[in-house]
Amino acid sequence: IMLSHNEQAFSEHFGPLKRPTPGVKRDLAYRPTLLGTNFGASTTHYLATLAATDILKAGGNAIDAGVAAGLVLGIVESHITCFSGVAPMLIYRASDKSFHTIDGLGVWPASASCEYFTSRGHKNIPPGILQTITPGAPAAWIRALADFGTLSFGEVASAAIQIAKQGFPVTAQLANALERKANAEFKSDPELMRVFFPNGRAMVPGDIFRQEDMGNTLQYLADHEAANAKRGRVEALHAVKQEFYTGDLGKKIVEFHQEQGGLLTREDMAGYEVTVEPPLSQTYGNIDVLTCGPWCQGPMLLQVLNIIKQSGRSNFQHNSAEYVHFVAEAFKLVAEDRELYYGDPKFTDVPLDRLLSTAHARELLEKIEAGRARILDQFPGATDAETRNAVPGGRTFDTSYACVVDAEGNAISCTPSDGVLRNAPMIPGTGLIISARGLQSRVDPAHPSSVQPRKRPRLTPNPAMIVKDDEYVMPFGTPGADYQVQAMLQVLLNIQGFGMELQEAIEAPRFFSCSFPDSFSPHAYYPGVLQLESGFEQDVYVELANRGHKVQPWPESVWPQAGVCVVKRDVRTGLVSAGADCRKVSYAIVS
């Protein structure tokens, strides 16, 4: 697979990488909605999008292409995602019109517990080796290929291997993120310094970044698959999984944890398996919205849509103070539900039927006051004074995203995550950064996302799809930690409620409520804070402040955390449309 690594050439062909101009209201999209008749792919990095389309051109399906994109994202966006992290995904199989979720989310080691942390003086999950859980992404990629794909691991990993070994140009996004991590804690890990700070300095845009260790690890797994090829495609794929979790590579992972004082054991690795289950869904107007379960924050999207549906409001002016206030208030109420109820349903009794019910949506709707912002002050685990009333936006946590639809109508929506920015160590000589997703758990046994042996932390990444009967399928999603659902919701409403084209809907100015506990330790809480991107009228700021919101402009010094990507395929005509967020280095390609 041949890929162009020249960002300038790519931009000249597909259009320049642009970012919103502060204070300028945008009436037109910077990029057009792309249209095609064959397939479409959209990801948070253009090289991942190219890898996906190359797989489709070579005869692979959407799932093959989505896995290829995910593996490339683990190289080119390794500050926010990695091969050994998490990879939740939602898959549509056109042949039987079935939908499936793969959690791609690891679990706590068997020896982990709230008591383990509290007895050592930890009020929250500490950074470092103790925050790591079993890697979920490798098993998820293999399961997706085995159950829904057509190609081998070696075939879909070829682009990632090539890019890792030959190198790729560093983007401003990557350079800025790593520069912000050039602190004492980061420098204390010689392996991370060796890989991410070559020559002892932070890389700058345009530097060529090589990750030969990661490329060799992926090649090693591909070679292991090839050695088992006579057993058949699926069995050879399973051999790749076994090698990662229980073979020589798995032994390296466990030995490193034990040397560093971690909790992961060979039994934890050998016993891990992904969970495959149907998605949740909610009808909104004439569409069905599908998300993953309450082990992530995906159901929040369904809950907010239900509140809007029950309100009966269809006459909002886009991004007016009235509209922003209503949506933000609805989201805050659903965020309270997330904190009170969401968690791994294998361990926590999540009352999904009630949370997604019409009756509950009406109960929450009655709490929304048209003229006053509510300050929700009763959040478990968010009472520490040092985590309150701070200024949000300084965190470097983020995620990646990819979606693909092929000519047969198969679709994948996936949100790979976990990278070097989460202060997790790198295993020497492998390029592997083990999932630090334990940062999203609580050490309070009463919290639904508390630490328990073999329990999944509650995940922020939440891929989604929109389906309209037999008319179209549309995977969509975004990076952005706690900002994800709000960005996805606004793009969905821009399309469905305000009739915008995909790219216009993506690029419209957004607003974000921060009035709920952050999902990541130490779970900071910003009561009443509402952030607005540039592009809102001045009177909107004034009116929202009059209603009690602590209105803040989105910090221009902070790279935008949300980067929505969308691909839509019309089943009747075969028309494919796609968009990608210009706030990041996202790009879409259609054919």
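**Sheets, helices and a serine**

Mentor: Let's start with a strand pair: β1 and strand β20 (residues 576-580) pair in the antiparallel sense over three bridges. Two strands count as paired if DSSP finds at least two bridges between them. Within this pair, L35 has S577 of β20 as its bridge partner.

Trainee: Before we go on, what kind of model is this?
Mentor: This is a predicted model, where local features need pLDDT of at least 70 and side-chain atom pairs count only at pLDDT 80 or more, while totals for chains, interfaces and linings use all residues. Residues are numbered from 1 along each chain as its sequence is written, and side-chain values use heavy atoms, with hydrogens and water left out.

Trainee: Got it. How many helices and strands does the protein have?
Mentor: There are 20 helices and 21 strands. Helices (H or I, at least four residues) and strands (E, at least two) are DSSP runs, numbered from the N terminus.

Trainee: And what share of the residues is buried?
Mentor: Of the 591 residues, 65% are buried. Buried means under 20% relative accessible area, exposed means over 50%, and partly exposed is in between (1.4 Å probe, protein chains only).

Trainee: Back to β1, which sheet is this strand in?
Mentor: An open sheet of seven strands, with antiparallel pairing and the order β1-β20-β19-β15-β14-β9-β8. Its edge strands, β1 (34-36) and β8 (280-284), each pair on one side only. From one strand to the next, the twist averages 15 degrees.

Trainee: Which helix packs on that sheet, touching β8 and β9?
Mentor: Helix α14 (residues 299-311) does, and it also touches β14 (464-468) and β15 (472-477). The direction of α14 makes about 25 degrees with that of β8. Helix α18 (residues 484-496) packs on the sheet too, touching β8, β9, β14 and β15, and its direction makes about 150 degrees with that of β15. Touching is a matter of contact, meaning heavy atoms within 4.5 Å. For the angles, axes are lines fitted to C-alpha atoms, for helices over the stretch in contact, and angles run from 0 to 180 degrees between N-to-C directions.

Trainee: Nice. What about β16, β17 and β18?
Mentor: They form an open sheet of three strands in the order β16-β17-β18, with mixed pairing. Here the edge strands are β16 (511-513) and β18 (550-553), each pairing on one side only. Ignoring direction, neighbouring strands of this sheet are turned by 25 degrees against each other on average. Strand β17 (residues 529-532) runs parallel to β18, joined by four bridges, and L530 stands opposite V551 in β18.

Trainee: What sits in the loop between β16 and β17?
Mentor: S519 is in that loop.

Trainee: Is S519 buried or exposed?
Mentor: S519 counts as buried because its relative accessible area is 1%. The S519 side chain makes a polar contact with the side chain of D482, at 2.7 Å. A polar contact is a pair of N or O atoms within 3.5 Å; within protein, one must be able to donate a hydrogen and the other to accept it, and residues adjacent in sequence count only if both atoms are side-chain atoms. Leaving aside neighbours within four places in sequence, S519 is in contact with R338, L439, Q440, R458, T460 and D482.

Trainee: Switching to helices, how covered is α5?
Mentor: Mostly covered: 10 of the 12 residues of α5 are buried. Among them are W141, I142, L145 and F148. The buried residues of α5 pack against α3 (62-76), β3 (89-93), β4 (98-102), α6 (153-166), α11 (233-246) and β11 (411-414).

Trainee: What covers the buried residues of α11?
Mentor: The cover includes α5, α6, α10 (212-227), α12 (248-259), α13 (266-270) and β13 (432-433). The buried residues of α11 include K241, E243, F244 and Y245.

Trainee: One last stop: where does L340 sit?
Mentor: L340 is in helix α15 (residues 321-341), and counts as partly exposed because its relative accessibility is 37%. L340 and S449 are 109 residues apart in sequence and 9.2 Å apart in space, C-alpha to C-alpha.
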